[in-house]
Amino acid sequence: MVSANVIDVVTQPFDDQKPGTSGLRKRVKVFEEKPNYTENFIQSILEAAGQPKFLVLGGDGRYYSNEAIAKILNVCAANGVKRVVVPERGILSTPAASALIRSLKADGGIILTASHNPGGPDGDFGIKYNASNGGPAPESLTNQIYAISRSLTIYKSLFKRPQLHLEEKGQHELGNMSIEVIDPIENYLKLMNEVFDLDLIKERLFHAATSNGSNGHSTTSGKSFMMRADPMNGVVGPYARRILIEVLGAPLASLINGEPLTDFGGKHPDPNLTYASELVETMKSHPDIDFGVAFDGDGDRNMILGEGAFFVTPGDSLAIIADHLDKVKYFDDKQVKGFARSFPTSPAVDRVAKAKQLDCYVTPTGWKFFGNLMDKGLIALCGEESFGTGSVHIREKDGLWAALAWLSIMAHTGKTVKQLVEEHWKKYGRDYFCRYDFEECDSAKCETMMRELEEKLVDRSKLMVGKKFPRSQSESGDYEIEETGNFEYTDPVDQSVTTKQGLFVKFTNGARIIVRLSGTGSSGSTVRLYVSDYSKETLFEDSQSYLNDLLKVAYELSNITHFTGREKPTVIT
Ligand code: VG1
Ligand code: CO
């Protein structure tokens, strides 16, 4: 029955509410200044999702979150949602949101984040919808949300709206909807306790720190274990304080930038070597710190560093966790059938899968493509080169989980990060990888670049095969093109097809170049150029110099300097 308190508000449709790689992301100003921009998108989500009754709502706490939460609760209540669970202060990490949707058996969740994009009045804001499996809405659903948003003329609203105070735990009513404000960390900590042997990590790594240095076993160096975790003023701070400091007993100094701030303290909360420079510099100047980890704004990304800021590429991190999955308690009683990685991610994990006679799936960029594989039990672990690692314990990538996985591996083996990585290379060979990001370039020129490259690599692909490019590391001769194309994916579970997911060049020696446009930016276009090459013998070269010749080929084929007007990328990882 329609409540007398519900009204129809006449609105104008927007044509720019197409969810990207991970939800709708725009400048804060767009949400603030365009009337009904948030309400329209929420109405579109609720209609596309079949009017869910029970939702989780929260986000990374960035600027505009409180206003958005008030608007969203109103539209939800008016649309007949019966129950919404909201974390205190609205702050919920993306992985914790996924965990909460799953453990409460909610119909879905609305997550307010623009992830690693800067926040504040001049930064970005974002909204994404996760389904009842806890994972990002699949393409079929995001396409439907977009279609509805383009013709929406009415959204539902409550006529009378009381002021709500959601800072503390408790129960509220809004129209016929109940709102429960909960402690966001409890549920996540409970899950981490099921996934890892936290006592063992505490005992082996942090015991020394809590018992004044006596009897502390740690890495092979024998000294007490030291760590720096850097949430970059994003959402992970309170989770890290609870789990790393209070539960594991790491010293207080192990946590830096641990306070969630609406503008991330002016930082760019993206855990890579460029933006997480504070952690990198700290690790360089304190080589006695064994382990460093940085997280992004919404807590789903991680960057792992070893002693002296030794950088673990996300592709290697995924492969090493895969190789040591027996050190993650969660898998003790589960059958592991396979792993997955996104297409641009280095094939390091494929080699582990092969050695263990497991399947390895290669998906388009974006976590939503792992959902079906996880739901069907086809994969246990997956990851992306963009600092995303996660497992089947939830349906999002999980930064803190990755840190705990590394701590668990170190606790079990007594080895340092560097030892683990180097041993991995010796066993499997090394996948050299790097990504060049050309951020916020002229969109029209980037489109032209992609079109011309597509003509070259798809329409004229036959002419490309066999072309050779010189290589100074003559270990395996020149680079010779074996295949070119645009990556296309058929989901093995529902057979849905996703096309144009990255222009690629594959070489006969296994090297690769991939070029694609980002789907998470909020202004202009960001070009991502990924190169990787493999060696069984040359294990300890600097990756930039090892990949130098391949990068030259990538520049030549794409004409990127001409189209972006830039010689050098904004970020190298
Ligand atoms: C980027 C990454 C992709 C990741 C996505 C969302 O997308 O490349 O791997 O899944 O961000 O991550 P794009 O389209 O800009 O390349 V997050 O931490 O923003 O939820
Ligand atoms: Co993120």
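I started at Arg301, which is buried with a relative accessible area of 9%. For the record, buried is under 20% relative accessible area, exposed is over 50%, and partly exposed is in between, with a 1.4 Å probe and protein chains only.

I then asked which side chain Arg301 meets in a salt bridge. The partner is Asp296, at 3.8 Å from N to O. My cut-off for a salt bridge is a side-chain nitrogen of Lys or Arg within 4 Å of a carboxyl oxygen of Asp or Glu. Asp296 has 0% relative accessibility, so I put it down as buried.

A note on what I am looking at: this is a predicted model, where local features need pLDDT of at least 70, side-chain atom pairs count only at pLDDT 80 or more, and totals for chains, interfaces and linings use all residues. Residues are numbered from 1 along each chain as its sequence is written, chains are lettered from A and ligands numbered from 1 in the order in which they are written, and side-chain values use heavy atoms, with hydrogens and water left out.

I looked up Lys34 and found it paired with Asp16, closest N and O atoms 3.5 Å apart. Lys34 lies in the loop between helix H1 (28–33) and helix H2 (37–48), and Asp16 in the loop between strand S1 (6–10) and strand S2 (24–27), so the pair ties together parts 18 residues apart in sequence. Helices (H or I, at least four residues) and strands (E, at least two) are DSSP runs, numbered from the N terminus. Lys34 is partly exposed at 32%.

Last pair: Arg528 bridges to Asp437, with 3.0 Å between the closest N and O atoms. Arg528 sits in strand S25 (residues 525–535) and Asp437 in strand S18 (residues 430–441), so I noted distant parts of the chain linked, 91 residues apart. Both are buried, Arg528 at 9% and Asp437 at 3%. I also wrote down that Glu385 and Arg435 join Asp437 and Arg528 in a network of salt bridges.
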